[in-house]
Amino acid sequence: MQHDQLQGDGDLMTEEGPLTTGRRRPKRLRRLLIGGALAFTLAAGGGAAAYKYGLFSDIGDPVSFGKVQESAAAAEEIRPGVSMPTGPKSEFVRTYRMPDGTQIGRTTLTGAKSGFTGDVWVWVPKEYDEPRYAKSAFPVLISLPGGRGYPTNYWGTGPGLGLEKAVSDGAKAGTSLPFILVMPVHNADTKHHFDASDIPGEPKMGTWMAEDIPDFTKANFRTFTSRDGWAFMGSSAGGFGAFKHVLKYPDRFKAAIASGVDIVPDSPLWKGNTQAMDENNPEKLAEKLIKEGGPDVYINFQIGTKETGRERAEKFMKEYGKGPVHTQLQVIQDGEHNGKSYVRGMREGALEWISKVMLAPTPDPGVR
């Protein structure tokens with residue numbers, strides 16, 4: 001498996017330049033920095049320049065999502081299939097504000113079932129806070145990074161990779177659903193990879209992603225009760241976790257976009273534990289699902305023409321892409337093993353593909 005750190009796997013640089021992850025400077029230091037630079041900045045270009053250089057930045061401030069859902073809950077008209085936030089609410093800090101006003105927030109979660117503690121980043125589309133969608137659920141795309149995947153998730157800390165904008169642009173164009181993006185860390189440290197699994201004797205990273213992250217999402221956001229509102233995406237090692245979870249828990253998740261992915265578990269932490277490995281092996285899981293006759297799952301493999309792995313994906317598709325296991329290959333011309341290439345592939349077809357098999361939010365008639 002390609003566990004190397006992908007290009008773009010950093011929380012300090014975006015296309016726009018340096019980016020903080022949301023861990024703020026102490027207030028006193030911020031005041032000193034602002035005071036020392038304010039006169040120069042104002043002289044250089046006025047208030048606009050001050051904002052350009054981040055002197056009035058709200059990064060690291062508390063942020064909340066779902067401004068309209070309290071009124072919707074009070075109306076006691078919850079639609080069938082819609083789960084209103086169950087609580088308890090998590091505390092988020094703002095890590096990025098997108099040009100369209102949407103925000104990325106970060107929180108620290110201790111999983112009740114896994115016992116693991118890690119950071120989670122969340123982005124919600126602008127439609128989420130529109131009154132016409134106040135009673136509607138939204139589909140969730142749990143987005144997993146490649147590389148270390150700890151202590152950050154580059155889909156959340158590097159908006160310059162373009163995932164959030166790809167979803168918002170697609171929603172505007174009608175080629176993508178307005179997904180909620182939930183972006184957890186997917187390894188327990190920087191030294192090992194855990195195959196997105198509960199490896200005996202190690203942190204329960206499979207439980208973290210398959211149970212704690214959905215529970216956290218349901219606690220904070222309007223979600224669908226059906227698996228048709230839950231999907232994964234991921235790159236490299238994160239892509240393995242994405243499509244493995246869909247095959248292992250087809251009653252909870254319906255689809256996955258798996259980019260630059262390997263096919264079988266290969267962490268040295270398994271130490272020859274064949275039974276546990278088989279329980280997390282997509283080939284074994286697909287074979288089992290085919291024998292059981294469903295439920296149907298959908299897997300989109302993304303592979304760039306400038307990376308390896310296409311033959312492995314095609315082999316899996318040929319052997320297991322039948323019956324309830326629906327597969328598709330998105331070939332990215334000149335695509336490399338990195339996040340920007342995979343987002344391009346999502347724009348070129350993978351987002352539209354996954355949106356066709358997921359539930360869409362439903363606006364309230366007559367409400368704007």
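Reader: Which residues of S8 are buried on one side, and which on the other?

Author: In this predicted model, strand S8 (140-144) is mostly covered, since 5 of its 5 residues are buried. Both of its faces are covered, with Leu141 and Ser143 buried on one side and, on the other, Val140, Ile142 and Leu144.

Reader: In what order do the 10 strands form the open sheet?

Author: The pairing in this open sheet is mixed. Strand S3 (62-63) and strand S14 (325-332) stand at the edges with a single partner strand each, so one side of each has no neighbour in the sheet. Read from one of these edges to the other, the order is S3-S5-S6-S7-S9-S8-S11-S12-S13-S14.

Reader: Do S7 and S9 run parallel or antiparallel?

Author: Strand S7 (117-123) is joined by 4 bridges to strand S9, which covers residues 180-184. Within these strands, Val122 stands opposite Val182, and the direction of the two strands is antiparallel.

Reader: Is Glu127 buried or exposed?

Author: Glu127 lies in the loop between strand S7 and strand S8, where, beyond residues up to four places away in sequence, Glu127 touches Tyr133, Phe138, Ala171 and Pro178. Its relative accessible area is 11%, and a residue counts as buried when this value is under 20%, so Glu127 is buried.

Reader: At about what angle does helix H6 run to S11?

Author: Helix H6, made of residues 237-248, lies across several strands, namely S8, S11, S12, S13 and S14. Its direction, compared with that of S11, gives an angle of about 155°.

Reader: Which residues touch the most other members of the largest nonpolar core?

Author: Nonpolar side chains tend to be buried together in soluble globular proteins. The largest nonpolar core here has 86 residues, and one of its members, Ile354, is in contact with residues including Leu141, Phe179 and Phe232. Those touching the most other members are Phe179, Ile180, Trp208, Phe243, Leu247, Phe301 and Ile354.

Reader: Over which residues is the pLDDT below 50?

Author: The chain averages a pLDDT of 86, and 82% of the residues score at least 70. Where pLDDT is low, the predicted coordinates should not be read in detail. The stretch below 50, which has 71 contacts in the model beyond near neighbours in sequence, covers residues 7-56.

How values were computed
Residues are numbered from 1 along each chain as its sequence is written. This is a predicted model: local features need pLDDT of at least 70, side-chain atom pairs count only at pLDDT 80 or more; totals for chains, interfaces and linings use all residues. Side-chain values use heavy atoms; hydrogens and water are left out. Buried means under 20% relative accessible area, exposed over 50%, partly exposed in between (1.4 Å probe, protein chains only). Contact means heavy atoms within 4.5 Å. Two strands pair if DSSP finds at least two bridges between them. Axes are lines fitted to C-alpha atoms, for helices over the stretch in contact, and angles run from 0 to 180 degrees between N-to-C directions. A nonpolar core is a set of buried Ala, Val, Leu, Ile, Met, Phe, Trp, Tyr and Cys residues joined through side-chain atoms within 4.5 Å. pLDDT is the predictor's confidence in each residue, from 0 to 100.
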